[in-house]
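Here is a short report on a predicted model. It covers helix packing, nonpolar cores and backbone details.

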Amino acid sequence: MKKKYVVALDAGTTSCRCIIFDREQNIVSLAQKEFPQIYPCPGWVEHNPTDIWVAQYSVLMEAIAHLNIRPEEIAAIGIANQRETVIVWDKNTGMPICNAAVWQCRRTAELCRELEKDTSFAAYIRETTGLRIDPYFSATKLSWILHHIPGAMEKAEAGSLLFGTVDTWLLWKLTEGASHATDVTNASRTMLFDIHRLQWDPFLLQKFGIPASMLPKVQDSASFYGAANIGGTRIPICGIAGDQQAALFGQACFTAGSVKNTYGTGNFILMNTGEKIICSSHGLLSTIAYGIDGKVSYALEGSVFIGGAVIQWLRDEMRFFRESSDADYFGEKAKDNGGVYFVPAFTGLGAPHWDMNARGCLFGMTRGTSRNQIIRAALEAIAFQSKDVIDAMTADTGLPIDEIK
């Protein structure tokens, strides 16, 4: 049967999507489903890994059914995913041992503060991984799980537990446990991966008390990862990338100096730096952009933790509107922000400030402050945070940024 379609799975922070493309790169089917966010303690953010899997598999089936095609017509599957989120599961039962610790989760803030006191270790992290010590990244969250979930360390040392970011979890489920792997972009976000040597760093594994047997195999972003069983048909999975690097690639930022900014739960601005690793002195991160044919391109990244999530908060917690799209309507009803400024630091501040202790604030309110002005201030906060990162990127590179995709 002729292979007519390519399937893209997008496992985001608040929802999963499936998009099916035809040979002319047209979107011919799309399905999306939100899954629950779990906040067990202030600053903690969790997901049930099974919720992620169920949401992702259901939208895959929905998109196929909507297009009324057979699985045999699909040439390949690619996966883009929320990064840094930690999932640990029993390789014998296939069951997660606890909820996923999401990239936004700040439960390891105190541990990170202690680690930062060792300036030589902090420098080693920057030099080896391109990152900085922060709860945002996977290493401290994985260490926390191993040291706080009863029996986890013993099982891990016995080789019974597997670790993965969301891509690895979905890959393992889709291949029915046949493939335990990740790509270089996701590995580079764990704070455990040497972005120079392109391998897990033994010293960091020892420092965080993480058995190497838990870790997935690291592959190029474009490579064969295994075959998904879809209705009895084996479909090759041929691409994986962290969502922000996937966006960089998807926006055709293939040359050094090209920049993209994408708006989801957070805002993430990445600049392709080619074969060169730029060590930021203005609060940005060095990371891997993509890996193809055994070679990697690098990127400079500014991570804003709360972007679209502030709109979701206004919708779900404040009940300011019913649909996220209504934020535009109400925000434009305010002629200005009335002197109101919103800092949506619900999970600390990311680039370029990196203040894990910061919390959300509203400034400049008076008795006459309206709901519409608060909504406008929230929308403006997304732009202000992006501007901070762009300024830092210009300062680091000395390059004028005249185009953002």
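## Helix 10

Which residues of helix 10 (residues 308–316) are buried? They are Ala-309, Val-310, Ile-311, Gln-312, Leu-314 and Arg-315. Buried means under 20% relative accessible area; exposed means over 50%, and partly exposed lies in between (1.4 Å probe, protein chains only). Helices (H or I, at least four residues) and strands (E, at least two) are DSSP runs, numbered from the N terminus.

The model is predicted: local features need pLDDT of at least 70, side-chain atom pairs count only at pLDDT 80 or more, and totals for chains, interfaces and linings use all residues. Residues are numbered from 1 along each chain as its sequence is written, and side-chain values use heavy atoms, with hydrogens and water left out.

## Helix 10 against helix 12

The buried residues of helix 10 pack against strand 3, helix 11, strand 19 and helix 12. With helix 12 the packing angle is about 160°, and the axes lie 9 Å apart. Axes are lines fitted to C-alpha atoms, for helices over the stretch in contact; angles run from 0 to 180 degrees between N-to-C directions. Helix 10 and helix 12 are therefore roughly antiparallel. Angles under 35 degrees count as roughly parallel, over 145 as roughly antiparallel, 65 to 115 as roughly perpendicular and the rest as oblique.

The crossing of helix 10 and helix 12 is right-handed. In a right-handed crossing the near helix is turned clockwise from the far one by less than a right angle; anticlockwise is left-handed. Helix 10 supplies Gly-308, Val-310, Ile-311 and Leu-314 to the contact (heavy atoms within 4.5 Å). Helix 12 supplies Ile-374, Ile-375, Ala-378, Leu-379 and Ile-382. Eight of these contact residues are nonpolar, one is polar and none is charged. Here Ala, Val, Leu, Ile, Met, Phe, Trp, Tyr, Cys and Pro count as nonpolar, Asp, Glu, Lys and Arg as charged, and the others, Gly among them, as polar.

## Helix 11 against helix 12

Helix 11 (residues 326–333) meets helix 12 (residues 371–397) at about 115°, with axes 7 Å apart. That makes the two helices roughly perpendicular. Their crossing is left-handed. Ala-327, Asp-328, Phe-330, Gly-331 and Lys-333 of helix 11 touch Arg-371, Asn-372, Ile-375, Arg-376 and Leu-379 of helix 12. This contact divides into four nonpolar, two polar and four charged residues.

Asn-372 belongs to helix 12 and is buried, at 16% relative accessible area. Beyond its neighbours within four places in sequence, Asn-372 contacts Phe-330, Gly-331, Lys-333 and Ala-334.

## Nonpolar cores

A nonpolar core is a set of buried Ala, Val, Leu, Ile, Met, Phe, Trp, Tyr and Cys residues joined through side-chain atoms within 4.5 Å. The largest has 82 residues; Leu-142, Leu-192, Phe-208, Ile-210 and Met-214 touch the most other members. Helix 12 gives the most to this core, with 10 residues.

Beyond its neighbours within four places in sequence, Leu-192 has contacts including Leu-142, Trp-200, Phe-208 and Ile-210. A second, separate core of 37 residues includes Ala-31, Ile-52, Ile-64 and Ala-228.

## Backbone details

Gln-25 has a positive phi of about 70° although it is not a glycine. Gln-25 lies in the loop between strand 2 (15–21) and strand 3 (27–34). Its relative accessibility of 68% makes it exposed. Met-191 also has a positive phi, near 70°. Met-191 sits in the loop between helix 7 (184–187) and strand 10 (193–194). At 0% relative accessibility, Met-191 is buried.

The peptide bond from Ala-351 to Pro-352 is cis, with omega near -5°. Pro-352 is in the loop between strand 19 (341–343) and strand 20 (361–363).
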